[in-house]
There are 4 protein chains.
Amino acid sequence: MTKANMKRIGILTSGGDAPGMNAAIRSVVLAAHHYHIDVVGFYHGYNGLIEPEYVQQSKVLTLADVNGIIHCGGTILKSARCPKMHTEQGLQAAADTLAAENIDALVVVGGDGSFTGLIALQAYWQGQVIGIPGTIDNDLAGTDFTIGFATAVNTAIEAIDKIRDTADAFERAFIVELMGRHSGHITFNVGIACAAEQVLSFENFSPQHATQTLVTIAKEIKQAQQERHSSYIIVIAENLWQGGATALAQQLQQQGIECTACVLGHIQRGGSPVAKDRILATKMGVAAVQALISSKSNIMIAEQHSAMCHITLAEAIKQGKLVSQQLVDAQQNILALTAQTQC
Amino acid sequence: MTKANMKRIGILTSGGDAPGMNAAIRSVVLAAHHYHIDVVGFYHGYNGLIEPEYVQQSKVLTLADVNGIIHCGGTILKSARCPKMHTEQGLQAAADTLAAENIDALVVVGGDGSFTGLIALQAYWQGQVIGIPGTIDNDLAGTDFTIGFATAVNTAIEAIDKIRDTADAFERAFIVELMGRHSGHITFNVGIACAAEQVLSFENFSPQHATQTLVTIAKEIKQAQQERHSSYIIVIAENLWQGGATALAQQLQQQGIECTACVLGHIQRGGSPVAKDRILATKMGVAAVQALISSKSNIMIAEQHSAMCHITLAEAIKQGKLVSQQLVDAQQNILALTAQTQC
Amino acid sequence: MTKANMKRIGILTSGGDAPGMNAAIRSVVLAAHHYHIDVVGFYHGYNGLIEPEYVQQSKVLTLADVNGIIHCGGTILKSARCPKMHTEQGLQAAADTLAAENIDALVVVGGDGSFTGLIALQAYWQGQVIGIPGTIDNDLAGTDFTIGFATAVNTAIEAIDKIRDTADAFERAFIVELMGRHSGHITFNVGIACAAEQVLSFENFSPQHATQTLVTIAKEIKQAQQERHSSYIIVIAENLWQGGATALAQQLQQQGIECTACVLGHIQRGGSPVAKDRILATKMGVAAVQALISSKSNIMIAEQHSAMCHITLAEAIKQGKLVSQQLVDAQQNILALTAQTQC
Amino acid sequence: MTKANMKRIGILTSGGDAPGMNAAIRSVVLAAHHYHIDVVGFYHGYNGLIEPEYVQQSKVLTLADVNGIIHCGGTILKSARCPKMHTEQGLQAAADTLAAENIDALVVVGGDGSFTGLIALQAYWQGQVIGIPGTIDNDLAGTDFTIGFATAVNTAIEAIDKIRDTADAFERAFIVELMGRHSGHITFNVGIACAAEQVLSFENFSPQHATQTLVTIAKEIKQAQQERHSSYIIVIAENLWQGGATALAQQLQQQGIECTACVLGHIQRGGSPVAKDRILATKMGVAAVQALISSKSNIMIAEQHSAMCHITLAEAIKQGKLVSQQLVDAQQNILALTAQTQC
């Protein structure tokens, strides 16, 4: 398909919302407008293609619609999970809507679940499909960063900086549970940035060593409190420890350690995006439109070494991107250095 | 005691830390220095008067010690609960330390538990005692505001503004549990300021109506989602609902309402104080020193209608200050107005 | 006029925008809706009543229009100065529009210039008029606080906290010019809250002492740098010093003092309102509608000691509200205390 | 030199302070401690090696000295420009101090001026020298990012988000002058992230076209205001336009455009570093110590594609790193797209 043929792009946001999704929507609309292409917004994720109530909400997004949203968290297109995208009927209904609306190409801003849907949809619909990585978890392969990750990390460190004030005042241990689904990107970055005394994530912890880890940490906390008279903050990835931060806190208390669990939860999803996410989203939105004009399909827009590139959707989701060994090492080094201080 | 006799003031921070405690310490030190009075800092709350290990940490606070701390959360003097202050031996030990250190007057920055200790101490020690209200809960009588309250409210609304982004994106219900011990000041102020659809606090909820409340809220949420396609945020005071926000969320889910519980927890305690708390703490620190010079004792420094005043420690703690009926009414009005929108 | 007769309220925002104006608009619309009254929004301040282009933009504000705006800076109704309100033709045109639109009462959110217009308008139009104090300057008499003031103070201290980092790193003097038109509320509050070494405002400086002030400050800065090795921050009210902060910096440089001028400027106007301004605006919006229902007119809604009250528009603007002598004294005390440290 | 020989590292911060300098100092001290190496802190930049008054302030930095500083702006080692480093006597004095203090290696956190000094110093002193790039300007070659840049960009967008509120309320033009010395990194990134309608920087503007640029911009602003009824924000690099933002504003006013100049100034330097800068500084500090142990000298620690690497000091400063053409293009595209909206 060439530029001349491209008339209408559909766009939706899907899965957990991420700061910068609005910046991506804006960028797609501005870029498409430049090339005289209409952008139709579908609401509530893939449901916007399937549920008649939502389908009828779909509308051509005007320049005014995307004015003044670059700095807003959430998504003006709403989001949702959509179990029907795992069914034949759901996929067919989505394809029918796209055909009925004369959509030439569909852009989906979301994470791996959203891209799985996008791959499946291609068996039912012939239009071009492009993914834009929008998830705070940074767990898509082939791109250095996903939209929303940088903001989530900053939100978490601002929260932990506040917790540190109390931790220092009481020379107390806190366990802070961070989002990330099954990846440690948020946890490792936050751990380094807030000078956490301990980082527990998928990359450096295996469940069968839970008991041993517990004993080690309890010993370290006692040393920190008794020898350095200092606070001790553990950041821990969600879905890592059976029962989460709360269970870990109880188990440490059984070892005689006073400590408090904090689950940061959904404050990590929202908020005004930091510059990194606004710029990334803006570049990716332009790149997505340009890729469509160049007849690209079945790809995710990615950023590698600050440059835009394309990778196939299948590659993007095939394996959760790991935290770089270098970052794990850096954190371990710093921890080792800190631990060193106890001797 | 006159200014001429006043030579050494002791100061400590006690109980839960509150943003602005450092500003209060700074202000006491600067004011005392102006009147050629030394200020001795004791560490870890009342433990600093009782535990030998901490007593020996006590030191005269220099101007350099309090430079550059007005904007820091937490407390440079550390804080702690101190069960020994409920025992004769503890009180006697504290009195002995104050005598040994030649302390003429003791300033305690804290909440009602701290002031109870200060009242008790007077049976064992003859020096002047002054309380400065430092608690995020704003639950001391006789003062319009306590140090830390304004910051805690702002921290909470910034967090809920972020949660709102996700709530809006998913048209979902969130239950946010706020600190405040047994008072609703934080909850009501935050509820109004973040446009919460529902506020549950001691002033407008009684446990025997829990079941009925549950039904009402479930109905309201359904209406909000179905008729206004909007999110719904409940702010709820800690210690109010049996099992807290998590239990309430489960009970609502049993009513068929998808909802998510968020416990803001300790991020509400720390952080750089907002202007209100810095100024309040600065004024109170000066007022405390001036009150001591005027031979005042057994009082808490208070602010009423922007002016400094004194009330007895007994009055300050005799009954948790209630949220003004006017504020409760204002919030109920707004809720009523919002509810109106569903008809 | 009774509730039964009140059918349509007009609302506009006028003069310099202030954070919390949107919260006030929302509150007026919600409260009016509760009483089955329509609210018509006029755009671009009084121009919305005068310029045909803007008159035709006026519209009934729906609940959806005011959803999700409580936390937004600026004003959804736009604002402007309006010189025509000083002319007979302008006032008559405004009155004609109000009559043509069947407006029963007009609510104006703004400062003293806006209220002067509202007073003048009453000679041309018989409807009820109510002012809501919305200005960062806090310079209206009869109300403890105006909407936007608390946010502006916090914005300024966050900026100066950043400047302090550099000032400390270089042990350097900075002169920071703050808004406030002809009042020192922002300057004094910010000065105390950011621990400024010097505050220059209308309340403590007269131009005929400029030369002497210059010499004194130069001496103090030298002492600070040489004896305490510390930074030195002067906050100064706009419109106070001939040529502003830039001129003062040059004059100090001529005295051999290296220093840097910073004019904070318009960053002080915008931004998400702090809790205080959101709550104040919400309470005032409700109070305005209730006052209209009670047939009140020619008044400004005010807050005194946390309670809503009414004062006449004439009183509100008759004299710029002064900074309380208590606050000036507190600041002078603190400065004296600080100065003490140099001896 | 091998690890066994490395006994004492000296460290100083030099030139304009940048958020994250403290995180770098902490990291060097922790890493050195791990390898049983002492770190001596010198104060006030290179003056700490030259001025006897400052030399005697130098001290071994303990773990306690660097505890709790990762999130603090400014630099605990103070900073300064140091003209004497351009003289033989100054360089010799610095070398003498390093010899007298038994320093084996010197780490300097700073920008190109600081590294020029470090290169010159090697003619007078035989120890190892390593630079860590700490400057908000991001103008050093060979590293993707410098410490402080990400924070400065975020500080600027937060300020401009506030200015946008007022600009929108008045549909007004603002000109915001940003730091960056002679590079456009801050300006371009901020321009994209705050959706600026115009970006003026070294990469896309040459002074001989000033008159033409002025006419173009004036025309665009008029179109924006008249056709889109929108605000218009220009971000402009410092040192670009003769007379700066203020002069540009006056020249636009002469073209009949109402507009306001804002010089963000020193608020861009300070503040708590964002996660990116804390992590970058932490990784670079560790890398610097490890490089010293590996006998490296005359290099700057750099980050390329998220990995640590080394480049020679000469390369780092030989030419100001340009803004990537890709970013300039992206911004131009977005501008073009926006401009498109006026037709």
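**Interface and cores of a predicted model**

C:Arg278 and B:Asp161 form a salt bridge in this predicted model, their closest N and O atoms lying 2.7 Å apart.

Reader: How many salt bridges are counted between chain C and chain B?
Author: A salt bridge requires a side-chain nitrogen of Lys or Arg within 4 Å of a carboxyl oxygen of Asp or Glu. C:Arg278 and B:Asp161, at 2.7 Å, form such a pair. For chain C and chain B the count is two salt bridges.

Reader: How many residue pairs are in polar contact across the interface of chain C and chain B?
Author: The rule is applied to pairs in which both residues have pLDDT 80 or more. Across this interface it finds nine residue pairs.

Reader: Which element gives the most residues to the side of chain C that touches chain B?
Author: The elements of chain C that give two or more residues to this side are α1 (21-34), α6 (149-170), α7 (185-193), α10 (275-293), β11 (307-312) and α12 (325-340). The most, nine residues, come from α12(C).

Reader: How do the residues of the side of chain C that touches chain B divide into nonpolar, polar and charged?
Author: Chain C brings 45 residues to the contact, and chain B brings 45 residues. On the side of chain C, the division is 22 nonpolar, 18 polar and five charged.

Reader: What area do chain C and chain B bury between them?
Author: The size of an interface is often expressed as the accessible area lost when the parts come together. Here, 64% of the buried area is on carbon and sulfur atoms. Between them, chain C and chain B bury about 3,600 Å².

Reader: Which residues have the most contacts inside the largest nonpolar core?
Author: The largest nonpolar core has 148 residues. A second, separate core of 147 residues includes A:Val29, A:Val39, A:Ala105 and A:Val286. Inside the largest core, the residues with the most contacts are C:Val190, D:Val190 and D:Val235.

Reader: Is D:Thr187 buried or exposed?
Author: D:Thr187 lies in helix α7 (residues 185-193) of chain D. Among the residues that D:Thr187 touches are D:Leu178, D:Val199 and D:Val235. Its relative accessible area is 0%, and buried means under 20%, so D:Thr187 is buried.

Reader: What separates the C-alpha atoms of B:Gly113 and B:Gly15?
Author: B:Gly113 is placed in helix α5 (residues 112-121) of chain B and counts as partly exposed at 48% relative accessibility. B:Gly113 and B:Gly15 are 98 residues apart along the chain. The separation of their C-alpha atoms is 7.2 Å.

Note on methods
Residues numbered from 1 in each chain as written. Chains lettered and ligands numbered in written order. Predicted model: local features only at pLDDT ≥ 70, side-chain atom pairs only at ≥ 80, totals over all residues. Heavy atoms only, no water. Core = buried A, V, L, I, M, F, W, Y, C linked by side-chain atoms within 4.5 Å. Buried < 20%, exposed > 50% of the residue type's maximum accessible area, 1.4 Å probe, protein only. Contact = heavy atoms within 4.5 Å. Buried area = accessible area lost by both parts, 1.4 Å probe. Polar contact = N/O pair within 3.5 Å; in protein donor to acceptor, adjacent residues only side chain to side chain. Helix = DSSP H or I, 4+ residues; strand = E, 2+ residues; numbered from the N terminus. Nonpolar A, V, L, I, M, F, W, Y, C, P; charged D, E, K, R; others polar. Lists of a residue's contacts leave out its neighbours within four places in sequence.
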